Number of protein chains: 2
Amino acid sequence: MLLPMVTMISGNTLAHVAALIGDVARANILSALMDGRALTAGELAWHAGVSAPTTSGHLAKLTEAELIAVEKQGRHRYYRLASAEVAQALEALMAVAAQGPRRHRPVGPRDEALRAARVCYDHLAGRLGIALADGLCLRGHVILADGAGAITVEGRRFLRDFGIDLADGPPSARPLCRTCLDWSERRPHLAGRLGAALYTRCVDLGWLERVKDSRAVRVTAKGRDGLAQTFDITL
Amino acid sequence: MLLPMVTMISGNTLAHVAALIGDVARANILSALMDGRALTAGELAWHAGVSAPTTSGHLAKLTEAELIAVEKQGRHRYYRLASAEVAQALEALMAVAAQGPRRHRPVGPRDEALRAARVCYDHLAGRLGIALADGLCLRGHVILADGAGAITVEGRRFLRDFGIDLADGPPSARPLCRTCLDWSERRPHLAGRLGAALYTRCVDLGWLERVKDSRAVRVTAKGRDGLAQTFDITL
DNA sequence: CCAACGCTTCGGTCGCCGCCGAAACGTTGC
DNA sequence: GCAACGTTTCGGCGGCGACCGAAGCGTTGG
């Protein structure tokens with residue numbers, strides 16, 4: 001049989017990366033790490049639903065492929081996603097999975113919480129993430145033209161008043177403001193350094209709280225007021 | 001053992017989609033379809049490097065999961081990617097694969113052609129795609145701020161002169177102008193309806209030609225002149 | 001109408017990989 | 001130093017799924 005020669009190289013690497021994500025245990029591990037924090041091997045074993053030895057094997061494979069990175073700290077080992085690109089790929093896959101044919105998923109209460117507000121790597125997603133993006137867009141603070149975005153001059157001033165100065169920090173190669181396709185809302189929300197700063201600031205202000213063992217985010221009473229006053233968001 | 005309950009649902013669907021891409025034969029099939037055209041089962045079998053029966057099974061699975069779509073035509077069956085989201089997910093995975101540890105890939109001449117200019121679903125990628133995006137950005141026809149993009153008023157006029165009217169066609173939900181992370185250049189190139197229109201127009205003008213059995217694109221002599229005059233691109 | 005062709009279905013084989021328990025390793029703390 | 005703990009390594013088991021050849025189905029063209 002005639003072989004397609006060089007084409008196979010890209011297919012091989014593509015398959016290798018996808019196959020790593022394509023195991024239920026490993027997918028659960030990566031999903032758990034999508035909240036941007038670093039978790040221990042034990043915590044990840046719990047999330048994956050398999051034994052510690054099995055988890056260890058999975059973590060070794062993911063680390064070797066540089067999908068995740070590890071940091072030793074005492075007798076714990078903290079694992080985190082290796083890069084924002086990995087998070088983006090995972091989110092893109094979830095978007096495909098969400099639009100696919102109804103795979104039997106009885107929408108539980110936990111699922112509803114995720115759709116309301118959740119963390120996507122280091123920024124907000126779900127209905128709250130969309131509302132934030134819409135609010136900033138409506139006031140002309142950012143320009144979201146057809147899935148792409150940029151910060152205006154007034155936006156920069158507004159953000160500074162809100163307590164976010166995007167000029168500080170090391171000059172990073174990371175995009176200042178980019179969008180990310182929301183898998184539950186099917187619309188773009190704010191990502192990049194702006195998205196991360198917005199989320200961090202809301203947490204610092206006590207407006208948002210993480211839900212334990214989940215990517216879901218809860219809006220506090222103070223947060224309800226603050227979001228309404230600052231961003232015109234009513235939940 | 002305590003089970004993480006509902007969290008597993010998302011992990012399950014994520015793993016299912018990723019596992020479909022995570023087979024070498026299927027990855028080759030999807031890679032081949034990344035050129036945006038619809039190919040027959042036989043052609044895909046050749047690209048996949050496996051027998052016709054095996055390919056048929058793969059195609060059935062991919063179709064059922066709605067990663068690809070099929071169209072019957074006589075005794076042929078034409079398969080294509082089901083949506084732009086699928087293409088985006090594939091591109092994101094390739095970006096991850098490209099930045100990972102050097103997986104033994106001896107850069108062949110075919111590979112070099114892909115890095116120079118290739119089709120990414122329905123728009124241009126590679127050095128040529130980057131150069132086009134940079135050119136339009138430099139002249140202020142589009143604004144590419146940190147990986148995000150929008151078309152300016154002058155840009156719209158310029159594109160109309162070039163033969164692209166983005167107002168025509170049915171009002172589509174597809175983004176007009178978005179960016180796509182280039183896996184070989186590690187920088188954003190133009191995607192969305194603008195990216196597609198630019199590629200189509202260049203082909204119509206006879207500036208670009210597809211390379212047989214590859215996603216690579218060749219610049220014609222006429223194209224070299226045209227690209228230089230219109231976009232200030234020197235290859 | 002029959003032969004050629006493209007594609008799918010069926011049946012059986014084989015190899016890879018996920019899984020766990022037991023044991024080893026390294027760190028912490030008493 | 002020793003016990004407790006978190007994590008990894010080892011060995012062996014089991015099952016899923018990719019693969020092919022042969023046969024079946026539908027279409028095309030003479």
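Two strands pair if DSSP finds at least two bridges between them. Helices (H or I, at least four residues) and strands (E, at least two) are DSSP runs, numbered from the N terminus. This is a predicted model, where local features need pLDDT of at least 70, side-chain atom pairs count only at pLDDT 80 or more, and totals for chains, interfaces and linings use all residues. Residues are numbered from 1 along each chain as its sequence is written, while chains are lettered from A and ligands numbered from 1 in the order in which they are written.

Q: What makes β2(A) and β3(A) a pair?
A: Pairing needs at least two bridges. β2(A) and β3(A) have six bridges, in the antiparallel sense. Across them, Lys72(A) stands opposite Arg77(A) in β3(A).

Q: Why are β1 and β2 of chain A called edge strands?
A: The open sheet has three strands in the order β1-β3-β2 (chain A), with antiparallel pairing. β1 (39-40) and β2 (68-73) of chain A each pair on one side only.

Q: Which strands stand at the edges in chain B?
A: Chain B also has an open sheet of three strands, ordered β1-β3-β2, and the pairing is antiparallel. β1 (39-40) and β2 (68-73) of chain B each have a single partner strand, so one side of each lacks a neighbour in the sheet. β1(B) and β3(B) pair over two bridges, in the antiparallel sense. Leu39(B) stands opposite Tyr79(B) in β3(B). Helix α2 (residues 24-33) of chain B packs on this sheet and touches β1, β2 and β3 of chain B. The direction of α2 makes about 85 degrees with that of β3(B).

Q: How do you know that β8 and β9 of chain A pair?
A: Count the bridges. Strand β8 (residues 178-181) of chain A and β9(A) share four bridges, antiparallel. Thr179(A) stands opposite Leu190(A) in β9(A). In chain B, β8(B) and β9 (residues 188-191) also pair over four antiparallel bridges. There, Cys180(B) has His189(B) as its bridge partner.

Q: What makes a residue of β9(A) count as buried?
A: A residue is buried if 20 or more other C-beta atoms lie within 10 Å of its own, exposed if 12 or fewer, and partly exposed in between; C-beta atoms are placed from the backbone. Pro188(A) and Leu190(A) point one way, His189(A) and Ala191(A) the other, and all are buried. In a regular strand the side chains alternate between the two faces of the sheet. β8(B) is covered on both faces, with Arg178(B) and Cys180(B) buried on one side and Thr179(B) and Leu181(B) on the other. In chain A, buried residues make up 46% of the 235 residues.

Q: Why are α3(A) and α4(A) called roughly perpendicular?
A: Two packed helices are described by the angle between their axes and the distance between the axes. Axes are lines fitted to C-alpha atoms, for helices over the stretch in contact, and angles run from 0 to 180 degrees between N-to-C directions. Angles under 35 degrees count as roughly parallel, over 145 as roughly antiparallel, 65 to 115 as roughly perpendicular and the rest as oblique. The axes of α3(A) and α4(A) come within 9 Å and cross at roughly 105 degrees. That makes α3(A) roughly perpendicular to α4(A).

Q: At what angle do α3(B) and α4(B) pack?
A: The angle is about 105 degrees, with the axes 9 Å apart. α3(B) and α4(B) are therefore roughly perpendicular to each other. By class, their contact has six nonpolar, four polar and no charged residues. Ala, Val, Leu, Ile, Met, Phe, Trp, Tyr, Cys and Pro count as nonpolar, Asp, Glu, Lys and Arg as charged, and the others, Gly among them, as polar.

Q: What makes a residue near DNA strand D, and which are closest?
A: Its C-beta atom, placed from the backbone, must lie within 6 Å of the strand. 20 residues surround DNA strand D, and the closest are Thr40(A), Gly42(A), Pro53(A), Ser56(A) and Gly74(B). α4(A) gives the largest share of this surface, six residues. The surface divides into eight nonpolar, eight polar and four charged residues.

Notes: Two residues are in contact if their C-beta atoms, placed from the backbone, lie within 7 Å.
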